[in-house]
Structures are given as C-alpha cells and as structure tokens.
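Hi everyone, thanks for coming. I'd like to walk you through a structure that may be new to you, going from the overall picture down to a few single residues.

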Amino acid sequence: MESEEAAAIKRASQQIWGDNDLRYDREITFRWLQGFVFADTEPSALLQHRGGPCGIIAPVQGMLLLHLLFPNDDTPVGDWRHPKDVTGALVQALVDILANARPTNEAALCLATLETSEDVLRKYEQVVSGSSSASEDTLLDPPIQILEQHMKYLEVDMESANAFLLSLFNTYQGPFGVLLFLYSLVLTRGPTQIEKDQGIVSESLVSSPFGHANQALVNLLLVGEAAPNVWDGNRDASGIVMKGISRPTLIGYLSLLEAHRYCVVGFHLKNPKFPFWVIGSETHFTLLLSEDIRLVSPETPVEKAKRIFNEFDVNGNGFIEEKDLDGVFARLSMDTSPAGMTRATKLLVTDGIVLLPHFLSTLFPKATTSDVPTNFTVYHYNGIPRPGEQIGYHRGTASVTSPTDVGQPEIMKVLWTKWSPLCIKWEQGLPSIT
C-alpha cells in the first residue's frame with residue numbers, strides 16, 4: 001500500500017509536470033538537473049547550467065540579493081557582490097520563499113531531501129558537469145523517477161527551518177538541488193491550494209512541451225500564490241474568475257509580453273517593496289536590481305485608484321461601464337450612498353462609460369504619482385552567460401529624462417513598461433534577457 005508521503009510526492013509531481021509524459025522526458029528533465037551553486041567570477045551570482053530552471057533561479061537570486069543588499073529592511077549596506085556569508089543568505093532566501101508560500105501562517109514548511117547512494121548522485125553530477133558521455137546518460141533513470149522513488153520530506157516550523165535547510169545544504173548544492181526546492185515549494189503550498197490559486201485555469205507549473213516555468217510557478221515564488229496571471233486582483237470574464245496578484249510583493253516582475261501588448265503587468269508586480277524585478281522574455285527569466293530604494297515607494301492615493309479602476313476594466317480598454325462605478329467607489333472607501341453615487345455619475349459618466357483619465361483628474365485634481373529619481377544605477381543578472389562571457393552583473397546608469405529611441409534592445413522595451421522615458425548607458429556591452 002502506498003504511504004501518505006509517497007502519495008503526496010506523486011501528487012506534487014503531477015502538479016509540477018502535468019498528466020502527460022513530461023516528467024519522463026529525458027531531454028527536458030535532465031536540463032533541470034542542477035544545484036544552487038555560485039559562479040567563480042561573481043561570488044553572489046547563482047550559476048545556471050542549462051535552459052529550464054531559470055524560473056526558479058531568477059526569483060531565488062532576487063531574494064538572495066535582497067538579503068545581502070537590504071539586511072536592515074530599507075538601508076543598503078555592505079559589499080553585496082563579495083559577501084561574507086553568501087550561504088547563510090541563500091538559505092534564508094529559500095526559507096523566506098517557502099514561508100511566504102504557506103497556506104496559513106501556522107502551517108509547516110516542507111523540506112524535501114533525497115535518500116540515495118553517493119554513487120548515484122555522482123553519476124548525475126557528471127551529467128550536470130558535462131563529464132559523462134551521451135551513452136552513459138542514456139543508462140540513467142529519468143531524474144523525476146529517482147525523486148519519486150527516493151525523495152522524502154520533513155515538516156518543520158519557522159524557528160527550525162534555517163537549521164534544517166543548512167544541514168541539507170550539500171544536497172541542495174548537488175544535481176537534484178533545484179528540483180528538491182521546487183518540490184519543497186509545491187508541498188509547502190499544497191497541491192490543493194495551488195489548484196485554488198490557479199482557479200479555472202489549472203495547468204502544470206512546468207510548461208509542455210518546452211519545459212519552462214509557467215507564470216503560475218514564477219508567481220508562486222514571488223507572491224506565494226500560484227496565480228496564472230500578472231494583473232492585480234481577480235477579474236470576472238463572463239462569470240469565470242481569472243486569478244491575478246492579490247497582494248504587494250517584495251520582488252517585482254516585468255515582462256517582454258507587455259512590451260508586445262500581449263498582457264499588462266499590474267501595480268503590485270511593477271511596484272514591489274524592494275528594487276528588484278524578475279524580467280520575463282518568451283524563453284528565459286533574468287533579474288534587474290538597484291541599490292536605490294527611491295525606485296520603490298508606498299502606493300499613493302491616485303495610484304491606488306488607478307489600480308482598482310483597472311481591476312474592473314477587464315479588457316484593458318481604459319474605461320469601465322457605469323454599473324461598475326459603485327464597486328470602484330466601494331473599494332476606494334468613497335461615498336456609495338444613493339446621493340453620493342448620483343453626484344459621481346453626473347461628474348464621471350459620459351455615454352454610459354467612465355474614462356480612466358477623466359476619473360483620475362476629477363477625483364484627484366492635485367494628486368501626483370510617486371517620485372522617481374532622475375538618475376539611478378541598475379544591475380542586470382543573467383544566470384546563463386553568453387558564449388565567450390562570464391557570469392556577472394551588467395551595470396548601467398539610467399536617466400528618466402532621456403527620450404526613448406527606436407531600435408533599442410529587448411531589455412529596454414521591457415523597462416519602458418515601467419519607466420518611460422528611460423535611457424540606460426550600459427557598461428561592458430548590452431545585457432541579454434534571453
């Protein structure tokens with residue numbers, strides 16, 4: 001009879017890889033084989049060996065640097081590029097991500113580990129390092145099969161989590177490290193809760209057929225909820241609830257898909273508590289960061305009004321229908337009495353709709369958005385170096401007063417969805433988001 005632990009692991013596998021044969025796809029799952037290891041050339045930068053696990057690596061890198069750069073909440077200190085205890089910061093980053101994903105504050109964290117021989121681990125480590133031959137690789141069982149047969153997990157409380165994870169850290173640096181953390185995350189959140197997070201759209205966390213992290217998995221790492229969309233809050237599409245981002249985040253997210261007008265990233269992900277943003281392209285996830293805390297600031301009343309208005313503007317048309325005005329006012333704690341709504345309707349509604357610019361200028365005539373520094377420094381991290389390059393942080397000097405020129409690289413198109421106008425003078429060549 002299958003144990004409760006084994007059943008939970010198999011259900012987590014199904015949640016991650018889906019009902020198809022993706023988890024037994026050798027090409028894809030072998031690309032996910034790697035541990036949390038640092039680059040020799042950049043002591044605080046995680047190294048990614050192959051395409052696939054960037055949806056894990058980039059958010060973890062962001063949380064790691066958050067602990068190194070802002071250990072005292074909002075004051076940057078220390079040499080974050082040459083830290084004294086990078087392992088301790090990484091352990092804390094992993095624990096914080098797991099803790100944020102708990103369904104309740106009282107729930108335990110699940111830490112997955114692997115109980116197999118050193119000889120087996122050595123063979124898979126040779127795959128990661130590239131020292132094994134193709135013929136030898138074909139003799140190895142698919143990695144997910146090894147996990148389902150030999151993985152165990154511990155349920156620990158917050159007080160014990162750092163010590164337990166530190167005791168397992170050699171395993172997390174080994175060939176199954178990233179996968180073990182992925183399973184820890186899913187087991188901590190719980191497959192049932194993940195299904196609720198996703199709503200009507202329940203997909204595997206790793207996409208088929210290419211084996212990249214889906215948006216729901218990236219959001220699970222950033223927000224603690226596996227929402228499949230990047231807008232703020234939930235949207236009602238003809239009676240179907242489409243789940244979005246429900247709360248502010250520590251680390252944000254920007255998307256090339258928004259630059260191509262396929263989606264609109266909401267306020268929560270564009271305006272995190274700390275100046276870190278995972279950048280999503282069609283095939284890869286990287287990270288943008290800054291030491292300048294002025295790039296993020298509390299939400300102003302006009303920004304809150306715009307965010308809530310957009311939650312009711314399901315199709316992103318820049319207007320809402322008259323019937324939605326009462327709901328917007330209620331969310332903003334404004335006067336929703338019959339007399340109040342009559343006055344609001346006369347002021348705001350034209351031909352049965354409310355236009356966003358008119359809504360904001362009428363209700364907040366003297367309001368301003370958050371102040372952004374005119375000049376600031378940014379860094380870009382890509383866990384996979386381009387041929388002939390080494391992993392490092394691309395440093396750039398940004399100015400929000402410069403015009404946006406045509407013909408710019410993809411990273412600028414992404415950043416313009418957050419800051420426009422914007423110009424960045426990059427040192428050591430242009431960074432790549434692919």
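Let me begin with how the elements are named: helices (H or I, at least four residues) and strands (E, at least two) are DSSP runs, numbered from the N terminus. With that in hand, Q428 is found in the segment after β14, and we'll come back to that residue at the end.

Please keep in mind that this is a predicted model, where local features need pLDDT of at least 70, side-chain atom pairs count only at pLDDT 80 or more, and totals for chains, interfaces and linings use all residues. Residues are numbered from 1 along each chain as its sequence is written, and side-chain values use heavy atoms, with hydrogens and water left out.

Now the whole chain. The protein chain has 19 helices and 14 strands, and its C-alpha trace spans about 75 × 55 × 40 Å along the principal axes. Of its 434 residues, 51% count as buried; buried means under 20% relative accessible area, exposed over 50%, and partly exposed in between, with a 1.4 Å probe and protein chains only.

Let's zoom in on helix α7, residues 143-150. Which of its residues are buried? They are P143, I144, I146, L147 and E148. Those buried residues pack against α1 (4-17), α2 (26-31), β3 (109-114), α5 (118-129), β4 (151-156) and α10 (177-189). E148 is a charged residue by class, and its relative accessible area is 16%, so it counts as buried. Leaving aside residues up to four places away in sequence, E148 touches I9, S13, R23 and Y24.

Next, empty space. Rolling a probe the size of a water molecule over the atoms shows where empty space is left. The terms work like this: on a 1 Å grid over the protein atoms alone, a cavity is a set of points where a 1.4 Å probe fits but cannot get out, a pocket is an open set with protein on both sides within 12 Å along at least five of seven lines, and lining residues have an atom within 4 Å of a point. Grid points are joined across faces, edges and corners, and a volume is the space filled by probe spheres set on the points.

The second largest pocket holds about 220 Å³ of space. Its lining has 14 residues, with F312, D313, V314, E321 and D324 nearest the centre. β5 (235-237), α15 (301-312) and β10 (319-321) each give two or more residues to that lining, and β10 gives the most, with three. By class, the lining has four nonpolar, three polar and seven charged residues. Ala, Val, Leu, Ile, Met, Phe, Trp, Tyr, Cys and Pro count as nonpolar, Asp, Glu, Lys and Arg as charged, and the others, Gly among them, as polar.

Finally, some backbone details. The peptide bond from S208 to P209 is cis, with omega near 10 degrees, and another cis bond joins S420 and P421, with omega about 5 degrees. As promised, back to Q428: its phi is near 60 degrees, a positive value in a residue other than glycine, and at 73% relative accessibility Q428 counts as exposed.

Notes. Contact means heavy atoms within 4.5 Å.
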